[in-house]
Amino acid sequence: MRKKDAPSSSSSKQKKPPLHPTVSGSSSHSQRVRKKKSKWWVHYEDTSDPDVARCSHCDVLIGFKGTNGTTPLRNHAQRCKKCPANLDLKQKLIDFELKTITKEDGSTEIVNVPKLRDFDQEFTRKALARMIIVDELPFMFVEREGFRYFCKAINPAFVMPSRATVTRDCYKLFIEERKKLQDCFRGLSSRICLTTDTWTSGQNLSYMCLITHFIDENWKLHKKIINFCPIASHSGEIIGRPVGKCLNEWRIKRILTVTMDNASSHDLPIQYFKRRMNHHQTSVLNGDYLHMRCVAHILNLVVRDGLKDLDSSIVKIRGSVRYVRYSPARLQKFKACAHE
C-alpha cells in the first residue's frame, strides 16, 4: 500500500500561539507573566519583589521563592489571626463589669455594664495556678473528683490540666511575677525596708524569710517576699550570707532600715549590711539607725520576764488542763461539774 504524500510544509505548518503571553512593551528576554491559580492569592497583594507577597489582613510580608511554591502563603493564611476565615465564630459569653459613670450634675455612679467575652484556656489555667499559690493548695488538688466535677459544671470547655502541668504553670507564673517585681525595683525612686525572721519547724529544720516593704509612686505600701530558704543555724554570719546573696540577685542597694529580732546574734548581719551600703555609698546617716528591733519580739521578752514571778501558778494551770484533756471521760466529767 502506498503511503499518502505528506502535505506541503507551507500549508500544514501553522504557527502555534505562545504558552504565556509576554508583557506588552517589554523585550523578548523580559520575565513572562504567569496566571495565579492558587486559591490562597485572594489573601495577598503583589509587591515590588516578585518573590514576596503582602498579607492583605495583617500587612506581613511572606516570601515564596524556591520549590515550595505557595506553601508559605497557605501556612500564613491558615494561622493569621486577622483572616476572616480564622476568626472565632463561637457564641460569646455575657459578663458584667463595674464602670464609673459621670452624670450631668457632676456626680458619679458605679453601674454594672454587660459585655461579651470569649473563653480563654490559657487565662483560665493561669487563674488556676494563682489559686493554687494563694490558697496554698497541693498540686494534686486539680485531680480530685469533686473539683473536676465543679469545673465541668461551670464551663465544660475548660480542659483540666494534670498536677504536673499545674506545677509548670505555677513556676511560670512565679517567673513572670519575679520579672515584674525586678522591673519595679529597678524604677523605684523610694528606699526599701527589709524584714527578716528565722524559725525552726517541727522537723527541726531552720528557715529564713526575707520581706521587702516599699512605697510606690502612688503612695501605696507594698509588702513582697523575695526569699524563703533553709539555713543551717540562727547565727549572724549564716543569716547575713544568704540575705546578701538575695539582695545581689534582686539588685537592691538603696535600703532604709532592716527589722530583725532584738538579739545579740543579729549584730553581725547588721554590720554586714552597713559595710555593704557604705561600699555602694547608699547608707543614710552612716547606717546608725539601720537596725530596727522588732516590737513584737520586745513585747514577748517583756511578758516572759513579767511572768517569772507567776511561774508556779502557770505550771499548776497547765497541769490541770493537761489532766482534763488526757481522756474523753475526764473531759466529760469536767463539763458535768462546770454545768452544775
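Predicted model: local features only at pLDDT ≥ 70, side-chain atom pairs only at ≥ 80, totals over all residues.
**View 1. The pairing of strand S6 with strand S7, and the hairpin that links them.**
Strand S6 covers residues 192-200 and strand S7 covers residues 206-215; the two run antiparallel and are joined by 8 bridges. The strands S6 and S7 form a hairpin in which 5 residues lie between them, and in the turn Asn204 has a positive phi of about 65°. Of the 10 residues of S7, 7 are buried, and this strand is thus described as mostly covered.

**View 2. The pairing of strand S7 with strand S8.**
Strand S7 is joined to S8 by 10 bridges, and these two strands also run antiparallel.

**View 3. The open sheet of 5 strands to which S6, S7 and S8 belong.**
The strand order in this sheet is S8-S7-S6-S9-S10, and the pairing is mixed. Its edges are formed by strand S8 (221-231) and strand S10 (291-293), each of which pairs on one side only. On average, and with direction ignored, neighbouring strands of the sheet are turned by 25° against each other. Helix H5, made up of residues 163-186, lies across S6, S7 and S8, and runs at about 50° to S7.

**View 4. The packing of helix H3 against helix H5.**
Two packed helices are described by the angle between their axes and the distance between the axes. Helix H3 (residues 121-134) packs with H5 at an angle of about 85°, and their axes are 9 Å apart. Because angles of 65 to 115 degrees count as roughly perpendicular, H3 is roughly perpendicular to H5. From H3, the contact is made by Arg125, Lys126, Leu128, Ala129, Arg130, Ile132 and Ile133, and from H5 by Thr165, Val166, Asp169, Cys170, Leu173, Glu176 and Glu177. Sorted by class, the contact of H3 with H5 comprises 7 nonpolar, 1 polar and 6 charged residues.

**View 5. The open sheet of 3 strands, with antiparallel pairing.**
In this sheet the strands follow the order S1-S2-S3, and the edge strands, each pairing on one side only, are S1 (44-46) and S3 (61-63). The twist from one strand to the next averages 40°. Strand S1 is joined by 3 bridges to strand S2 (residues 52-55), and the two run antiparallel; Glu45 stands opposite Arg54 in S2.

**View 6. Cysteine residues and the count of 0 disulfides.**
For Cys55, the closest cysteine sulfur is that of Cys58, at 3.6 Å, which is too far for a bond, because a disulfide requires the sulfur atoms to be within 2.5 Å. The count for the model comes to 0 disulfides. Cys55 has a relative accessibility of 2% and counts as buried, whereas Cys193, at 21%, counts as partly exposed, because buried means under 20%.

Note on methods
Residues numbered from 1 in each chain as written. Heavy atoms only, no water. Buried < 20%, exposed > 50% of the residue type's maximum accessible area, 1.4 Å probe, protein only. Pairing = 2+ DSSP bridges. Helix = DSSP H or I, 4+ residues; strand = E, 2+ residues; numbered from the N terminus. Axes fitted to C-alpha atoms, helices over the stretch in contact; angles between N-to-C directions. Contact = heavy atoms within 4.5 Å. Parallel < 35°, antiparallel > 145°, perpendicular 65-115°, else oblique. Nonpolar A, V, L, I, M, F, W, Y, C, P; charged D, E, K, R; others polar.
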